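Q: I have a structure open and would like to go through parts of it. Can we take it piece by piece?

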Amino acid sequence: MAPKESIHGSWSSRWAFVLAATGSAVGLGNIWKFPYITGENGGGAFVLVYLFCIALIGVPIMMAEILIGRRGRQSPINTMHTLAIESGHKPAWMYLGVMGVLAGFFILSYYSVIAGWSLEYLIKAASGVFTGQTASGIETLFGDFINDPKYLLLWHTIFMMMTYLVVARGVKSGIEKAVKILMPALVVLLLVLIGYAINTGSFSQGVSFLFNPDFSKLTWGAVLTAMGHAFFTLSLGMGAIMVYGSYLPKSASIAKTTFMIASADTIVALLAGLAIFPLVFANALSPGAGPGLIFITLPHAFGQMDGGVFFGTLFFVLIVFAAWTSAISLLEPVVTWLVENRGMRRATAALTSSITIWLFGILTVFSFPSDSPIKFEFSFIGETKTNGVFDILDILTANIMLPLGGFFIAIFAGWFMSRDATRDELDMGDGFDFNAWRFLVKWVAPTLVLIVFLNIFGII
Ligand code: TRP
């Protein structure tokens, strides 16, 4: 039987959960990754596929993940084990949790490096180095930075320490307050940037790039990236939301909370796109610049606008916080498992896993400097990738492990758990249509993931 309460504690309220899960969802994925992959994949059509994936795959799977977590009340590995046995199936379902823990490990190893870039840019913004720079000056600044492993490593180390500190104390104490201030501030600042983009950027060109779908640019590779990103940006497919769900009070409506989290996440991503692309076009930068896109576009804008030092500093502070609240959720599944199964204290578990992930992250640090032996090019379904190990980890996790994890979560909730068990968690008499959810999770979401996978591997 699953325990009634998680041994790791509970959220103080439904709001605490919504804030923490939103903190997990909104992060580098929205502000750094969404714009650069949209730029690389040609804009509008890619955005449309991404929005479809959020609605038809992400939302039903998020509900499944939360309900599984709340019913199991343990780390994802043990939750899957308990629920599989409870519904009369093989305990091998726990390997879904194992894959999730592994995915979280890989993602955090590079996530921390990129969060480190934001720390460096926070200092740069505050010290005014962007002021008056030309676009090419800003590009040089970025190039010099990622070519110098010393600083990349330093910031990666600091960010991993920040993540460790919060997880060691238990994720429930500070997140709520941080996210309550962070989210509104982030939205306001993105609106300020959009205002700037309307005045000085090529706003209509940016809007049309984002929302005018040109399906001739849409490849199966782009569809896979869009689908993978729907999982990444909502923190799905690896047990992060499952673990957060395991601290959720039984009385809270899963449908309503999911809707709030997914909306907030999507709004922040679209606002980030609206702020960035008009500036890209106005300054003749390339939308397909890759992972450096926001670190080139936005500093240039901060260097030109009135109050740029203030807004620039604030912006990078907010990104660091957004990345921090996400990184915490990537570490939490591993830590809960080590506590439950290895009998470690939380602080020890957090330290052990943080050090391992930090070490692994060094591979990403050395994926960027041009003279590094592990920076290499390769081609993945017709696209050229230039950042060696970083690109491999990104493709492996976001494009493969998360959708695969999500696929099995949907199959488990739709086909293996009993209808009554899922209904018991979801049906709150709040106007939510249980049958519609069940149809989405049984048929629509898994079929869509499967179609994309089969196409990628050239099977259909
Ligand atoms: N969703 C976060 C972002 O967009 C990243 C993240 C946090 C994540 N937890 C996750 C991604 C779990 C996948 C799985 O930045």
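Q: Which helix is Asp-394 in?
A: This is a predicted model, so local features are taken only where pLDDT is at least 70. Asp-394 is in helix H16, which covers residues 388-416.

Q: Is Asp-394 buried or exposed?
A: Buried. Its relative accessibility is 10%, and the cut-off for buried is under 20%, so Asp-394 counts as buried.

Q: What does the side chain of Asp-394 make a polar contact with?
A: With the side chain of Tyr-110, at 3.2 Å.

Q: New topic: the ligand. Which residues come nearest to the ligand?
A: There are 17 residues around the ligand. Ala-25, Gly-29, Tyr-111, Phe-232 and Ser-235 come nearest.

Q: Which atom of the ligand does the backbone of Gly-29 lie 2.8 Å from?
A: An oxygen atom; on the protein side it is a backbone N or O atom of Gly-29. Leu-28 also has a backbone N or O atom 3.1 Å from an oxygen atom of the ligand.

Q: And what about Phe-232, which ligand atom is there?
A: A nitrogen atom. A backbone N or O atom of Phe-232 lies 2.8 Å from that nitrogen.

Q: How much of the ligand does the protein bury?
A: The protein buries 100% of the 370 Å² that the ligand exposes when taken alone.

Q: What is the space taken by the ligand?
A: The space is the largest cavity.

Q: Which elements give two or more residues to the shell around the ligand?
A: Five helices are listed here: H1 (14-25), H2 (28-40), H5 (94-126), H10 (220-233) and H14 (308-342).

Q: How many residues of the shell are nonpolar, polar or charged?
A: The shell has 9 nonpolar residues, 8 polar residues and no charged residues.

Q: Back to Ser-235. Where is Ser-235 found?
A: Ser-235 is in the loop between H10 and helix H11 (240-245). Ser-235 is also among the residues that come nearest to the ligand.

Q: What is the phi of Ser-235?
A: It is positive, about 60°, although Ser-235 is not a glycine. Most residues other than glycine have a negative phi.

Q: Buried or exposed, that Ser-235?
A: Ser-235 is buried, with a relative accessible area of 12%.

Q: Which loop holds Ala-284?
A: The loop between helix H12 (254-282) and helix H13 (293-304). Ala-284 has a positive phi too, of about 50°, and is not a glycine.

Q: So is Ala-284 buried or exposed?
A: Exposed. The cut-off for exposed is over 50%, and Ala-284 is at 70% relative accessibility, so Ala-284 counts as exposed.

Q: Last pair: how far apart are Pro-76 and Ser-353?
A: In space they are 16 Å apart, C-alpha to C-alpha, and in sequence 277 residues apart. Pro-76 lies in helix H4 (residues 76-86) and is buried, at a relative accessible area of 2%.

Definitions and conventions:
Residues are numbered from 1 along each chain as its sequence is written. This is a predicted model: local features need pLDDT of at least 70, side-chain atom pairs count only at pLDDT 80 or more; totals for chains, interfaces and linings use all residues. Side-chain values use heavy atoms; hydrogens and water are left out. A residue is near a molecule or strand if one of its heavy atoms lies within 4 Å of it. A polar contact is a pair of N or O atoms within 3.5 Å; within protein, one must be able to donate a hydrogen and the other to accept it, and residues adjacent in sequence count only if both atoms are side-chain atoms. Accessible areas come from the Shrake-Rupley method with a 1.4 Å probe; for residues, only the protein chains shown count as cover. On a 1 Å grid over the protein atoms alone, a cavity is a set of points where a 1.4 Å probe fits but cannot get out, and a pocket is an open set with protein on both sides within 12 Å along at least five of seven lines; lining residues have an atom within 4 Å of a point. A molecule sits in a cavity or pocket if more than half of its atoms lie within 2 Å of its grid points. Helices (H or I, at least four residues) and strands (E, at least two) are DSSP runs, numbered from the N terminus. Ala, Val, Leu, Ile, Met, Phe, Trp, Tyr, Cys and Pro count as nonpolar, Asp, Glu, Lys and Arg as charged, and the others, Gly among them, as polar. Buried means under 20% relative accessible area, exposed over 50%, partly exposed in between (1.4 Å probe, protein chains only).
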